Amino acid sequence: MKKFKIFSLILIALTILLTGLLVKTIKAQTTNSFLTGDITTVANITSGTSGWQDPVSGNPGEIIEFRVYAQNQTPAVTATGVTVTASLPSTASTSPSASGTVSASNFPSVSDSATVNITGGSSQSFTYLPGHVRIFSPSCLSGCPGPDTVTSSGVSIGDLAPGESAQVL
């Protein structure tokens, strides 16, 4: 009988320990997160680059378009107040890069950059063309015009439910 009580106590202690480890593991796996990696990509519109890439080659004067991709990777948690911001370099370079950041009120921000390798070796910079922001999201599947605040305070794309994504071009 005494062996049974000791065995029962050990079994209860192991159960409590394993339950605590399981809860910590589940909490670690449910950290709110956006997709990371190559979320900022680029296309050379003038040369007809197929698909979004990073890096891409371009000649001086060509039209280059950047895309920032946001996707909620967290099950059962909606990303609220999602904002996408772009940053263009202020100095000319033979390989200028633009960066994109995705943030939300309840998620940590993620950032990435995309590079354009200038053909011919001359230094170039980017110029944002007002009125060219487009947002593709669950509420705007065919693309909607966005505000010119993408390079300053950012563009609000609303909330993203688990698994939902949006793109800002």
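Start with the aromatic rings: this predicted model holds two aromatic pairs. Rings of Phe, Tyr and Trp (its six-membered ring) pair if their centres lie within 6.5 Å; planes under 30 degrees apart count as stacked, over 60 as edge-to-face and the rest as tilted.

**Stop 1: the two ring pairs**

Select Phe-34 and Phe-107. Their pair is tilted, with 4.9 Å from centre to centre and 40° between the planes. Phe-34 sits in the loop between α1 (2–29) and β1 (40–44), while Phe-107 belongs to strand β6 (residues 107–118), so the pair ties together parts that are 73 residues apart in sequence. Helices (H or I, at least four residues) and strands (E, at least two) are DSSP runs, numbered from the N terminus.

Now select Phe-66 and Phe-126. Their ring centres are 5.1 Å apart and their planes stand at 80°, so this pair is edge-to-face. Phe-66 is in strand β3 (residues 64–71) and Phe-126 in the loop between β6 and β7 (134–137), so the pair ties together parts that are 60 residues apart in sequence. Both Phe-66 and Phe-126 are buried.

Before moving on, a word on the ground rules. Residues are numbered from 1 along each chain as its sequence is written, and side-chain values use heavy atoms, with hydrogens and water left out. Because the model is predicted, local features need pLDDT of at least 70 and side-chain atom pairs count only at pLDDT 80 or more, whereas totals for chains, interfaces and linings use all residues.

**Stop 2**

Zoom in on Ala-79. Leaving aside residues up to four places away in sequence, Ala-79 touches Phe-34, Asn-72, Ala-104, Asn-106, Phe-107, Gly-158, Asp-159 and Leu-160. Contact means heavy atoms within 4.5 Å.

**Stop 3: the five-stranded sheet**

Switch to a cartoon view and colour β1, β3, β10, β7 and β8. They form an open sheet of five strands in the order β1-β3-β10-β7-β8, with antiparallel pairing. Two strands pair if DSSP finds at least two bridges between them. At the edges are β1 and β8 (140–145), each pairing on one side only. From one strand to the next, the twist averages 20°; axes are lines fitted to C-alpha atoms, for helices over the stretch in contact, and angles run from 0 to 180 degrees between N-to-C directions.

Now focus on β3, where seven of the eight residues are buried. β3 pairs with β1 in the antiparallel sense over five bridges, and four bridges join β3 to β10, also antiparallel. Click on Val-68 in β3: Thr-40 stands opposite Val-68, and the bridge partner of Val-68 in β10 is Val-168. Then try Gln-71, which stands opposite Ser-165 in β10.

**Stop 4: the disulfide**

Select Cys-140 and Cys-144. A search of the whole structure finds one disulfide, and it joins these cysteines, Cys-140 and Cys-144, at an S to S distance of 1.5 Å. A disulfide is a pair of cysteine sulfur atoms within 2.5 Å. The link of Cys-140 and Cys-144 is right-handed, with 105° about the S-S bond. Cys-140 counts as buried at 8% relative accessibility, whereas Cys-144 counts as partly exposed at 30%.

**Last stop: the whole chain**

Zoom out. Of its 169 residues, 30% are buried. Among contacts between residues at least 6 apart in sequence, 63% join residues at least 24 apart.

How values were computed:
Buried means under 20% relative accessible area, exposed over 50%, partly exposed in between (1.4 Å probe, protein chains only).
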